[in-house]
Amino acid sequence: MFEHLQQYAGDPIFGLNDAFHRNTHPQKINLTIGLYYDDDGRIPVLSSVAAVERGLASDPAPRTYLPMEGLASYRSAVQRVVFGAGSEAVAQGRVATIQTLGGTGALKVGADLLHAAYPESGIWISDPAWDNHYAIFGGAGVPTHSYPYYDPATKGLAFDAMMSCLRGLPSRSIVLLHPCCHNPTGVDLSRDQWREVIGVLSERGLIPFLDMAYQGMGEGMDDDAHAVRAMAEAGLSFLVANSFSKNLSVYGERCGGLSVVCGSEAEAELVLGQLKAIVRRIYSSAPWHGGHVVAGVLNDENLHAQWLEDVAAMRERMSWMRTLVHEQLSAKLPGYDAGYFVRQQGMFTYTGLSREHLLALRERHGVYIIDSGRVAVPGLNTANVEHFTNAMADVLNTL
Ligand code: LMR
């Protein structure tokens, strides 16, 4: 029945992560996927998460269906984390928020909403992008395009080119933006640049869709949400997908949120209804366990404070790894500018390594980096960073 189907080429991130696990190199390093590992190379179970889970296990509750929009205490916690406790838009009831299946689920539900509301609109995605952005929006029937973002010459932002593209977009075009920790480049906009972008989005009547999968991994939980809050304060209508996969280390629980900032409370009610209808027809409702775990951490003052400390420790460890790589590479490769390791931030760094370099890193040294040259920084730790910089020096010297 299905023999005529095309072979799935595999996912560039999950596929290489699988290949890493099959490799037997004794010093192999996994820099493929956006997972946070601690300095011992383990995916942490945060103590705040474990505390809530102990409570849930000691007094088991019926695993009933959650409402289509998700758990109420989860949704309000998402609004506080994303928009800030003092958000005017939230206080005015203008934000429709649902619990979603991770950030990916939020993007899919948002894509379906936008395609139904604006069937003629295309989406503009940063170049380079997280590949799944194309798959999710294309799969939802939204025509996909790209806007310039990264400048390989400076390993920084191509801001002028980005702005001139945005200025030329038809009104009601959708623009996908990363408020922090851009995936895959680690190159973010400054606050002044956000101000300019917000000006153009507003003047041109564009529809911003913010994908915030790494809140807290760049500069801090509030600082990383600057673009979201500035956009809300500027009075724009927009969508935000957020994820707790990385910052609460609950990847497989599929915990995210989709928030749609509207012009009025009545409009937010309409949007919430449509979001519920979309969820119902795809998967009916969000997971009970993950919802209660996240809500349990975020709504308890002590656990919340403990969580923020844990996120700060993750951020500081990644920043320390960046410093070590910069120092070691600068010493081992005097002519090579490794400054991008410390200028870029968050979980990813864009190396600009060629396919030949990447294959040699895998084959000679067991160092796995995806084909775009994106390094997932948390795969580095004090025990393996030297092997990584030796491997980099080897391939850059010999190829
Ligand atoms: C990544 O970019 O590596 C992560 O966001 C994991 C994923 O879903 O691709």
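Student: Which residues lie nearest the centre of the largest pocket, and how many residues line this pocket?

Tutor: In this predicted model, 28 residues line the largest pocket, and Phe14, Thr104, Trp130, Tyr214 and Lys246 lie nearest its centre. About 530 Å³ of space lies in this pocket.

Student: What makes a residue such as Phe14 part of the lining?

Tutor: The criterion is an atom within 4 Å of a point of the pocket. Phe14 is among the lining residues, so Phe14 meets that cut-off. Helix 1 (12–22), helix 5 (102–117) and helix 6 (131–139) each give at least two residues to the lining.

Student: How does the lining of the largest pocket divide by class?

Tutor: The lining has 13 nonpolar, 9 polar and 6 charged residues. Trp130 and Tyr214 lie nearest the centre and count as nonpolar, because Trp and Tyr belong to that class. Lys246 counts as charged, because Lys belongs to the charged class.

Student: How much space lies in the second largest pocket, and which residues are closest to its centre?

Tutor: About 380 Å³ of space lies in the second largest pocket. Of its 21 lining residues, Leu114, Tyr118, Ser237, Val260 and Glu267 are the closest to its centre. Two or more residues come from each of helix 5, helix 8, strand 9 (238–243), strand 10 (256–261) and helix 10 (265–282). Helix 10 gives the most, with 4 residues. By class, the lining divides into 15 nonpolar, 4 polar and 2 charged residues.

Student: Why are helix 7 and helix 8 called roughly parallel?

Tutor: Helix 7 (residues 159–167) packs against helix 8 (residues 191–203) at an angle of about 15°, with the axes 10 Å apart. Angles under 35 degrees count as roughly parallel, and the pair is therefore given that name. The crossing is right-handed.

Student: Which residues make the contact of helix 7 with helix 8?

Tutor: Phe159, Met162, Met163, Leu166 and Arg167 in helix 7 meet Gln193, Glu196, Val197 and Val200 in helix 8. These residues divide into 6 nonpolar, 1 polar and 2 charged.

Methods
Residues are numbered from 1 along each chain as its sequence is written. This is a predicted model: local features need pLDDT of at least 70, side-chain atom pairs count only at pLDDT 80 or more; totals for chains, interfaces and linings use all residues. Side-chain values use heavy atoms; hydrogens and water are left out. Axes are lines fitted to C-alpha atoms, for helices over the stretch in contact, and angles run from 0 to 180 degrees between N-to-C directions. Angles under 35 degrees count as roughly parallel, over 145 as roughly antiparallel, 65 to 115 as roughly perpendicular and the rest as oblique. A crossing is left-handed if the near helix is turned anticlockwise from the far one by less than a right angle, and right-handed if clockwise. Contact means heavy atoms within 4.5 Å. On a 1 Å grid over the protein atoms alone, a cavity is a set of points where a 1.4 Å probe fits but cannot get out, and a pocket is an open set with protein on both sides within 12 Å along at least five of seven lines; lining residues have an atom within 4 Å of a point. Grid points are joined across faces, edges and corners, and a volume is the space filled by probe spheres set on the points.
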